[in-house]
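User: I should like to learn how to read a predicted protein model. Could you guide me through it step by step?

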Amino acid sequence: MSDFLSANLAGRVLFAIPKKGRLYEKCLELLSGADVQFTRSHRLDVCLVRNHNMALVFLPAADIPRFVGEGNVHFGITGQDMVAEAAMNELVTEVIELGFGKCKLQVQVPVRSGITSVDQLAGKKVVTSFEVLAGRYFGELDTRVGAKENTVIEYVGGSVEAACALGLADGIVDLVESGETMRAAGLTPIETLLTSQAVLIRSNKPVSSTENAELIERVSSRIAGVIAAGKYVLCNYNIPRKAVDEAVKITPGRRAPTVSPLDDKEWVAVSSMVLKAEIADVMDRLQSAGATDILVVALSNCRV
Ligand SMILES: Nc1ncnc2c1ncn2[C@@H]1O[C@H](COP(=O)(O)OP(=O)(O)OP(=O)(O)O)[C@@H](O)[C@H]1O
Ligand SMILES: O=P(O)(O)OC[C@H]1O[C@H](OP(=O)(O)OP(=O)(O)O)[C@H](O)[C@@H]1O
């Protein structure tokens, strides 16, 4: 790290971001939505934030839980799977589930192996990048089934799905999202160890100054706003006054909908936040209740 950087890091809030991989682009979108301004120079994994007393530290997603848990950085974004694998659940607090990087950690075996239950893997060989979680899981399994020999857990850093075909393993423990990688490798899932998504975590160690504690709070709250904006739309419509009670039940909003008078005494205008995933159904029900001019507006940001 340059002398300039180390001198300027002192006293700043440190925020860890995955340096590449599945979560990287989404994290950049979040930082932009939260107006965290920075320029990442080509070779550097630390950069100063221009508009806050903060620096970003770009780290492998797997290392972020430990850095946050041990208090080397104040907060960060990583996967729940990484927090569990690093055994850092007690040392960090999950502040926000971010809704991306969703996947499952599954035990998989070759379709042609005929294995249908994890019990059949006891005493055999399992390859994984999640040696802690897999080790704990198969350790308990070995005890439960009274295996004569312990299941062997072998670590590989990537391309785990190739292990069975290469004769290295009887089964693997790996992440699955669409299932494409698993199917292409001729594998099938027989057990789910955990489900995961990206999370904002903060260290349980105390923050040295009130200003820094407030800054962590402010940036977390901005990120929560960006995430909420992605989940909700704003639904505006006109409805006869006599039907407004029914309409409000359909669009109760987060706290309560805004109901405003119109120039026509018999009608009111309603504005309410609605979950994006439910909007089509909500529009159908509003129409049946007598609503007209139903407009749905995307939110680019919000504070909830
Ligand atoms: N296929 C996937 N779909 C969704 N999320 C995933 C998927 N694979 C991994 N993730 C999530 O993204 C996190 C980071 O995974 P990724 O494979 O990008 O890590 P990495 O090993 O640091 O990057 P790289 O593979 O580029 O070295 C995982 O811990 C998991 O939470
Ligand atoms: O179910 P799918 O949608 O196919 O995704 C699963 C794949 O994604 C992850 O690997 P990634 O592509 O991140 O590369 P890696 O093997 O380098 O970790 C994971 O390890 C699987 O291989």
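**Reading the ligand surroundings**

Analyst: Of the 13 residues around ligand 2, the nearest are Gly158, Glu177, Ser178, Glu180 and Thr181. Here a residue is near a molecule if its C-beta atom, placed from the backbone, lies within 6 Å of it. This is a predicted model, in which local features need pLDDT of at least 70, side-chain atom pairs count only at pLDDT 80 or more, and totals for chains, interfaces and linings use all residues. Residues are numbered from 1 along each chain as its sequence is written, while chains are lettered from A and ligands numbered from 1 in the order in which they are written.

User: What does pLDDT tell me, and what is the mean pLDDT of the protein chain?

Analyst: pLDDT is the predictor's confidence in each residue, from 0 to 100. Where pLDDT is low, the predicted coordinates should not be read in detail. In this model the protein chain has a mean pLDDT of 95, and 99% of its residues reach 70 or more. The model scores are ipTM 0.95 and pTM 0.90.

User: Which strand and which helix each supply at least two residues of the shell around ligand 2?

Analyst: Helices (H or I, at least four residues) and strands (E, at least two) are DSSP runs, numbered from the N terminus. For ligand 2, strand 9 (171-176) and helix 6 (180-184) each supply at least two shell residues.

User: How do the residues of the shell around ligand 1 divide into nonpolar, polar and charged?

Analyst: Ala, Val, Leu, Ile, Met, Phe, Trp, Tyr, Cys and Pro count as nonpolar, Asp, Glu, Lys and Arg as charged, and the others, Gly among them, as polar. The shell around ligand 1 holds 7 nonpolar, 5 polar and 5 charged residues. Gly21, Arg22, Gly79, Cys103 and Glu177 come nearest of its 17 residues. Domain 1 (3-100 + 198-208) and domain 2 (103-196) each contribute at least three residues to this shell; the domain bounds come from an automatic or database domain assignment. Around ligand 2, the division is 3 nonpolar, 5 polar and 5 charged.

User: How is strand pairing read, and in which sense do strand 4 and strand 11 pair?

Analyst: Two strands pair if DSSP finds at least two bridges between them. Strand 4 pairs with strand 11 (residues 198-203) in the antiparallel sense over 5 bridges, and isoleucine 77 has leucine 200 as its bridge partner in strand 11. Strand 1 runs parallel to strand 4, with 2 bridges joining them; here alanine 16 is partnered by glycine 76. Strand 1 (residues 13-18) also pairs with strand 3 (residues 54-59), in the parallel sense over 6 bridges.

User: Why is strand 4 largely enclosed by the rest of the structure?

Analyst: A residue is buried if 20 or more other C-beta atoms lie within 10 Å of its own, exposed if 12 or fewer, and partly exposed in between. Strand 4 (residues 75-79) is largely enclosed because 5 of its 5 residues are buried. In a regular strand the side chains alternate between the two faces of the sheet. In strand 4, Phe75, Ile77 and Gly79 are buried on one side, and Gly76 and Thr78 are buried on the other.

User: Is valine 233 buried or exposed?

Analyst: Valine 233 is buried, because 20 other C-beta atoms lie within 10 Å. Valine 233 belongs to strand 12 (residues 232-240). By contrast, alanine 122 counts as partly exposed, with 19 C-beta neighbours inside 10 Å.
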